[in-house]
Amino acid sequence: MRRSVAALLCAVVLLCCAPKRSRSAGDGYLVGVGKADITGPVADVNLMGYANPSQIAGGIHIRLFARTFIVADAADPASRVAFVNMDAGMASQAVTFTVLDRLRELYGGLYNEQNVALSGTHTHGGPAGYLQYMVYDIASRGFYPQTFNAIVDGVVLSIQRAHESLAPGSLAVGTRELLDANINRSPTAYLANPAEERAMYRHDVDKTLTLLRLGGDDGSAIGAFSWFPVHGTSMNNTNTLVSGDNKGAAAQFTERWARTRAGRQAQPDQAAGSSSGSSRNGSSSSGEGASRNGSGVSPGLVAAFCQANVGDTSPNTLGAFCLDTGLPCDAVHSTCNGRVQQCIGRGPGWPDQFESTRLIGQRQADAAQALLLGDLESVHGSIQYRHTFLDMRGLQVAASNFTRAGRACKPAMGFAFAAGTTDGPGAFDFTQGDTNGTAFWRLVRNFIRKPTAEQEACHAPKPILLDVGEMHYPYEWVPYIVEIQVLRIGQLVILAVPGEFTTMAGRRLKRAVEATVRDAWGEGLRIVIAGLTNTYASYITTFEEYAVQRYEGGFTLYGPHTLDAYIQEFVRLAGAMVRGEPTEPGPTPPNQLAAQWSLVPPVVWDGPPSGKHFGDMAEDVPRDSYRAGETVAATFHAGCPRNNIRAEGTFLAVERQAADGRWEVVATDDDWATKFRWGRRHELSELSYATLEWTVPEGTPAGAYRLRHYGDAKPLFSSITHSYEGVSRTFSVEGPGAVGGRAASRSEGSGVLAELRQGLAALGRRAGAGSTWLLRSLHERGGHGD
């Protein structure tokens with residue numbers, strides 16, 4: 001007994017005298033990650049980004065996801081932040097409102113507008129119709145509830161999964177230079193910034209990727225969230241497949257890399273189901289991430305590639321060239337023979353947009369993976385957050401070291417916004433760099449809404465094309481109340497901005513905030529901008545860039561002092577954080593969900609040809625065998641994919657026959673090697689077709705394979721749909737040494753596929769007629785986020 005007592009006393013002494021574990025070790029946090037499907041409808045809906053009315057979704061390139069991390073103070077778990085990265089064009093104020101309402105129902109006040117941030121990757125390949133302001137939904141034929149609900153449901157589910165997985169963990173942060181993944185698409189505007197300011201930087205776009213590594217209880221990385229500025233326009237405005245673009249590709253590549261590195265093959269997804277408790281990256285729904293094997297990276301890694309000060313960046317790194325001559329475009333106006341339509345940016349895989357997407361995605365993925373395996377700086381320190389709403393109409397800006405005196409204006413859009421960009425040019429004779437406008441378009445402008453002299457003076461030198469701040473029918477056209485937010489996790493500071501800051505605009509904001517907090521928070525801060533967060537209010541340029549009136553300046557809504565207003569208010573928030581003072585919530589934005597309109601028709605009915613059933617083959621796999629690099633394709637009689645969006649599921653499966661005769665899923669519609677294409681022979685036809693494509697990856701084991709299609713069809717006089725399946729004939733994949741046959745892709749000159757392509761092309765030509773110029777301009781092609 002005495003020995004036991006002595007041992008106990010000794011242990012107590014050792015515990016009391018042992019040094020306290022330091023927060024600087026990064027072990028004072030609870031960490032959780034989650035991921036959920038937000039793909040939504042993949043047919044009959046406009047794709048968000050280019051404002052091309054003929055760019056209607058007709059299948060899937062890769063699925064879209066919401067990826068969430070939650071970090072809480074282990075000593076005070078109520079002190080926490082939740083950051084959600086969405087494979088979406090941008091955040092939506094209506095989505096944010098609704099998600100926060102759902103979170104209040106689930107968790108009370110634990111998650112609120114102060115500590116939750118929803119950020120969009122800015123893909124131009126996601127379904128449209130989920131924003132509550134008129135301008136951003138015109139080209140999509142209004143608001144579309146199926147898109148909206150898919151995003152809300154997926155975001156909430158990703159937060160739930162992150163919340164349920166919270167456990168003691170570690171954080172680390174690092175940066176890496178990435179030189180070949182973005183360029184400046186408006187370099188002449190950038191050059192308008194002061195020479196001494198430009199001399200502070202080596203490049204005219206930011207080239208630094210910043211990564212936050214979230215470690216699990218054994219130190220393995222369970223999450224990797226990185227910020228890097230590059231537009232989601234690798235997929236151009238001819239694409240009709242839902243796609244996460246280059247950032248979605250980077251996420252898929254990195255999560256697959258983690259599974260491979262962990263020495264574990266990706267588990268087959270539930271081929272036809274909705275949510276089954278497994279997230280699409282192979283981790284459990286609780287985020288535990290399955291077994292670790294000491295590789296340093298969990299096989300269930302959640303990898304998010306977040307947006308930054310993206311405004312003037314482009315992934316089309318070869319530059320902009322004229323389609324007709326092959327020569328570089330005019331640098332000032334981005335025109336060819338005086339017009340913008342022929343001036344197109346070229347990605348690194350030009351003319352293959354899928355290859356360009358892969359390359360820009362892989363470059364971001366490579367940088368993130370190198371950081372995950374390298375020496376990162378441990379994150380330590382407190383968790384803080386501030387959020388406020390701002391009414392930008394007439395917001396007064398005082399002169400300071402970082403701002404010039406002035407005021408923000410009621411929102412308006414300039415002539416240059418209708419010109420679009422080299423990533424997606426606009427219509428008619430609009431050009432970038434236009435500070436005058438034309439008499440004809442002024443006449444059209446005045447017919448729609450003539451701006452007042454005061455409004456024109458406030459926005460000068462921008463000539464106003466659409467005075468959206470004075471357009472209220474049938475509801476508000478653009479936001480006038482925006483929101484800003486600062487999240488701090490130790491030395492990592494996230495500035496959540498409601499739009500697309502240009503490169504220099506973002507640099508000025510970061511410098512101002514850093515100067516405000518440096519003395520209190522110390523040296524070595526890592527400040528990142530999270531673009532397109534919580535709501536969307538278009539572009540933000542510097543005062544000097546605004547004067548040039550390139551596309552970004554033409555779409556800076558609140559006039560030349562827009563950036564000054566944001567900097568002033570961010571400095572105010574950051575100062576309050578330093579002083580520990582509360583901040584006012586600001587005015588409440590309107591909730592316009594009840595006022596939304598939609599011209600997207602419902603699915604009326606699906607019908608197969610006489611003598612056929614849904615899931616029957618229209619064109620079967622044409623060959624008996626294939627090699628790596630060749631594409632297998634089969635076409636099925638199908639129903640409309642809008643009948644069931646198959647959240648957390650799939651429309652296709654590639655199956656391999658195992659040794660015991662069972663069929664195992666080796667790929668779904670969320671695989672880079674697959675494409676799901678859907679379409680009708682003509683617009684009003686009840687007949688539709690689903691084509692499944694699989695490009696055999698290098699290293700695919702030899703064996704017997706087949707393609708399976710999952711779908712749902714709607715009868716004419718019923719609101720109830722029924723599910724069906726279809727299976728192709730079996731084909732073989734030969735080993736690497738086998739001799740390949742004819743090209744695997746089908747001829748485009750005959751058959752159902754050719755007929756379908758021709759019909760879709762005709763629909764596109766009709767939908768893209770000149771009468772839709774305003775629709776094109778009011779979105780993103782001269783619209784949001786191009």
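Let me start with a term: two strands pair if DSSP finds at least two bridges between them. Strands themselves are DSSP runs of type E with at least two residues, helices are runs of H or I with at least four residues, and both are numbered from the N terminus.

Hello everyone! What you see above is a predicted model, where local features need pLDDT of at least 70 and side-chain atom pairs count only at pLDDT 80 or more, while totals for chains, interfaces and linings use all residues. Residues are numbered from 1 along each chain as its sequence is written, and side-chain values use heavy atoms, with hydrogens and water left out.

Seven strands make an open, antiparallel sheet in the order 7-2-3-32-33-29-27. Which strands stand at its edges? They are strand 7 and strand 27 (617–619); each has a single partner strand, so one side of each has no neighbour in the sheet.

Now walk across part of that sheet with me. Strand 7 (residues 126–127) is joined to strand 2 by two bridges, and the two run antiparallel. Here glycine 126 in strand 7 is the bridge partner of methionine 48. Strand 2 covers residues 43–48, and six of its six residues are buried, buried being under 20% relative accessible area, exposed over 50%, and partly exposed in between, with a 1.4 Å probe and protein chains only. On we go: strand 2 pairs with strand 3 (residues 56–60) in the antiparallel sense over two bridges, and asparagine 46 has isoleucine 56 of strand 3 as its bridge partner. Strand 3 in turn pairs with strand 32, again antiparallel and over two bridges. In that pairing, glycine 59 has arginine 677 in strand 32 as its bridge partner.

While we are in strand 32 (residues 674–680), please find tryptophan 678. Is tryptophan 678 buried or exposed? With 5% relative accessibility, tryptophan 678 counts as buried. Leaving out residues up to four places away in sequence, tryptophan 678 touches several others, including Ala43, Asp44, Gly58, Gly59 and Tyr689; touching, or contact, means heavy atoms within 4.5 Å.

Strand 17 and strand 22 (residues 481–489) run antiparallel and are joined by nine bridges; histidine 387, for example, has glutamine 485 in strand 22 as its bridge partner.

Time for some charges. Side chains of opposite charge can pair when their charged atoms come close. How many salt bridges does the structure hold? There are 40, a salt bridge being a side-chain nitrogen of Lys or Arg within 4 Å of a carboxyl oxygen of Asp or Glu.

Take aspartate 153 and arginine 102, whose side chains meet at 3.1 Å, N to O. Aspartate 153 sits in helix 4 (residues 145–164) and arginine 102 in helix 2 (residues 93–107), so this pair ties together parts that are 51 residues apart in sequence. Aspartate 153 is partly exposed at 41% relative accessible area, and arginine 102 is partly exposed at 28%.

Glutamate 630 and arginine 623 form another salt bridge, at 2.9 Å, N to O. Here glutamate 630 counts as buried at 13% relative accessibility, and arginine 623 is buried at 8%.

My last pair is glutamate 725 with arginine 708, the closest N and O atoms being 2.8 Å apart. Glutamate 725 lies in strand 35 and arginine 708 in strand 34, 17 residues apart. Glutamate 725 is partly exposed at 44%, whereas arginine 708 is buried at 13%.
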